[in-house]
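Student: Hello! I am new to this structure and would like to learn how to read it. Could you take me through it step by step?

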Amino acid sequence: MVGDLPRRLAAEAIGTLLLVLFGAGSVVAALIMGKGELTYAALGFISLSFGLVVALVIYAFGTTSGAHINPAVTVALAAGGRFPWREVPFYIGAQLVGAFAGGLLIVGGFGRRAAADFGTGQTILGPEVSYGQGILLEALGTFLLLITIMALAVDRRAPAGWAGFMIGLAVACEIFVIGPLTGGAINPARTFGPYLTTTVFGGDAPWEEYGVYVAGPIAGAVLAVLVYELVARPAREVPEEAEQGTAGEIAGSRTPGAYATEESGGAGEPRRVPVEGVAGDVPAKGTAGDVPAARRPQDEHIGDRVGRGARRRRRHGHRR
């Protein structure tokens, strides 16, 4: 995250607005096209819409605010020591405001019937799903989401560039499974925005079920962060300096005097040679060192004088 707090809050609000507009909005569109009926095939398109918008928001705002766009994500990262608790209320407030704004835009686009007849794409428990089952299912879906976030967006060992795409797929995956039972919200803000919008425009919002969409996602998210920290241990097993071939800067240092001794092949003092693979005063074999400057005419002149002096000493029998 690189932005100051106001800019990060704006990113969270806009990101959550887009999530509700194109996620919950796809539910309204599917209901309109299905004349009030929501088939499992339509749920597939809803899953795709949610997955795509989550991925795009992460790529757009991930470097600014972290693109939490979900109070459960914010709370879980703070519980794992990866986000400051003092900023949690501000993030959640921005997410709830953005979710409500997204709901208003759904009504603005589809008309008041989006709220009155189709609940602004709100999530509800299935006919035979109990309150406890709803919490469990929402916790399991959010567990999958947070495991994916930890593995691909938080862990420094993750391959670069895959976070948004895979997190979006994780959202689509959980909607495929738990969507028919709870709606697959896994996000208190995603449920809050349509509920409030529906209430404002005279529709019927099941506020008595809202606790499912708060308790379940937060419990599953916190559990996922703790499990990942315990099992994968990203903080303990990542070396301080990245190895060659991994993402990040390659840090190294020269070790003066990194030499070994080698017999010269005959009588005399052993000569020093640089140790292969150790960066010393002399560049190691195969590495880029200082490129010598082009030979100049005076270098040739000096070489000629040295050569003539050596020949004169040999003619006079000079020995060292």
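Tutor: Gladly. A residue is called buried when its relative accessible area is under 20%, exposed when over 50%, and partly exposed in between, with a 1.4 Å probe and protein chains only. In this chain of 320 residues, buried residues make up 41%. Please keep in mind that this is a predicted model, where local features need pLDDT of at least 70, side-chain atom pairs count only at pLDDT 80 or more, and totals for chains, interfaces and linings use all residues. Residues are numbered from 1 along each chain as its sequence is written, and side-chain values use heavy atoms, with hydrogens and water left out.

Student: How many helices and strands are in the chain?

Tutor: Helices (H or I, at least four residues) and strands (E, at least two) are DSSP runs, numbered from the N terminus. Here there are 11 helices and two strands. Along the sequence the pattern is α-α-α-α-α-α-α-α-α-α-β-β-α.

Student: What does the accessible surface of the chain come to?

Tutor: Such areas come from the Shrake-Rupley method with a 1.4 Å probe; for residues, only the protein chains shown count as cover. For this chain the total is about 18,100 Å², and carbon and sulfur atoms hold 61% of that.

Student: Let us look at single residues. Is Thr182 buried or exposed?

Tutor: Thr182 has a relative accessible area of 0%, so it counts as buried. Its place is in helix α7, which covers residues 163–182.

Student: Which side chain does the side chain of Thr182 join in a polar contact?

Tutor: A polar contact is a pair of N or O atoms within 3.5 Å; within protein, one must be able to donate a hydrogen and the other to accept it, and residues adjacent in sequence count only if both atoms are side-chain atoms. For Thr182 the partner is the side chain of Glu138, at 2.6 Å. Contact in general means heavy atoms within 4.5 Å. Beyond neighbours within four places in sequence, Thr182 has contacts that include Thr123, Leu137 and Tyr213.

Student: And is Ser65 buried or exposed?

Tutor: Ser65, in helix α2, is buried because its relative accessibility is 0%. Its side chain makes a polar contact of 2.7 Å with the side chain of Glu12, and also reaches the backbone nitrogen of Ala67 at 3.2 Å. Ser65 and Asp4 are 61 residues apart in sequence, while their C-alpha atoms are 8.8 Å apart in space.

Student: What share of the contacts in the chain joins residues 24 or more positions apart?

Tutor: Counting contacts with a separation of 6 or more, the share is 73%. Phe90 in helix α4 (residues 88–110) gives an example: leaving aside neighbours within four places, Phe90 is in contact with Leu5 and Leu9. Phe90 is partly exposed, because its relative accessible area is 46%.

Student: Where is Glu128 found?

Tutor: Glu128 is in the loop between α5 (113–116) and α6. With a relative accessible area of 77%, Glu128 is exposed.

Student: Which helix gives the most to the lining of the second largest pocket?

Tutor: That is α7, with five residues. The second largest pocket has a volume of about 470 Å³, and 25 residues line it.

Key. 1 Å grid on protein atoms, 1.4 Å probe; cavity = no way out; pocket = protein on both sides within 12 Å on 5 of 7 lines; lining within 4 Å. Points joined across faces, edges and corners; volume = space filled by probe spheres on them.
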